[in-house]
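Open the model in your viewer and keep the selection panel at hand. The tour below goes from one selection to the next.

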Amino acid sequence: MFRTFTFACLALPLWGGIAHAAPPQYLPGPPPDPHHAHTRFGDADTSSGMLNIAGQQTLPRAAGNGSLFVEKVGQVGDTDFLLLTSTGNALCPASYSIVRVDSSGIAVPTAFFGNCNDRHEVQIIHGQDIAVIQPEFTSSEADTPRTITVYSNSTRRLAQNGSPLRAGCPNNLCDGL
């Protein structure tokens, strides 16, 4: 098998069959900054490892592990929603928190959740709830199944694969460890 692969790689240039990757496509302007997101009520900044909205720390505070990234994922009425990603290590690369930011400027993060997979998809359900979908995650230490975590905008609660999760953070600290 290895010889066939090596031969094919060496033979391709002789046949004129060199494959070229498509050039990367960039949007105009600077690349997005994973530590900053714009809400209607002020800029979200996680460059310090903590979440600040319009220069003010959230309460409860939201802290990342290795790094803390932020992205705006939607808005419903007078509320904007952010997704925080706390980066970890190879055993658990990521955990997530959903943050509600309302017109009064108050930002409230949920407890961090997830199955450690740093790949995810965000969907708005029924025009108001936020779903974070993560594929199965496998590491040298553990295997975790596909996870769907839903934040209910009306009840302000989290459920993971249909089971309730603790949405609040103890001691006014949402820790992404």
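Select β3 (residues 52-53) and β4: the two strands run antiparallel and are joined by 2 bridges. Within this pair, Ile53 stands opposite Gln56 of β4. The model is a predicted one.

The open sheet consists of 4 strands in the order β1-β2-β3-β4, with antiparallel pairing. β1 and β4 (56-57) are at the edges with a single partner strand each, so one side of each has no neighbour in the sheet.

Centre on Leu82. Leaving out residues up to four places away in sequence, Leu82 touches Ala37, Thr39, Ala44, Ile53, Val70, Glu71, Lys72, Val73, Ser97, Ile98, Val99 and Val101.

Last, the largest pocket: what lines it? Select Pro32, Asp33, Pro34, His36, Ala37, Phe69, Val70, Glu71, Lys72, Leu83 and Thr85. The volume of the largest pocket is about 180 Å³. Colour its lining by residue type to see 6 nonpolar, 2 polar and 3 charged residues. β1 (36-39), β6 (68-76) and β7 (79-89) each supply at least two residues of this lining, and the largest share, 4 residues, comes from β6.

Conventions
Residues numbered from 1 in each chain as written. Predicted model: local features only at pLDDT ≥ 70, side-chain atom pairs only at ≥ 80, totals over all residues. Heavy atoms only, no water. 1 Å grid on protein atoms, 1.4 Å probe; cavity = no way out; pocket = protein on both sides within 12 Å on 5 of 7 lines; lining within 4 Å. Points joined across faces, edges and corners; volume = space filled by probe spheres on them. Nonpolar A, V, L, I, M, F, W, Y, C, P; charged D, E, K, R; others polar. Contact = heavy atoms within 4.5 Å. Pairing = 2+ DSSP bridges.
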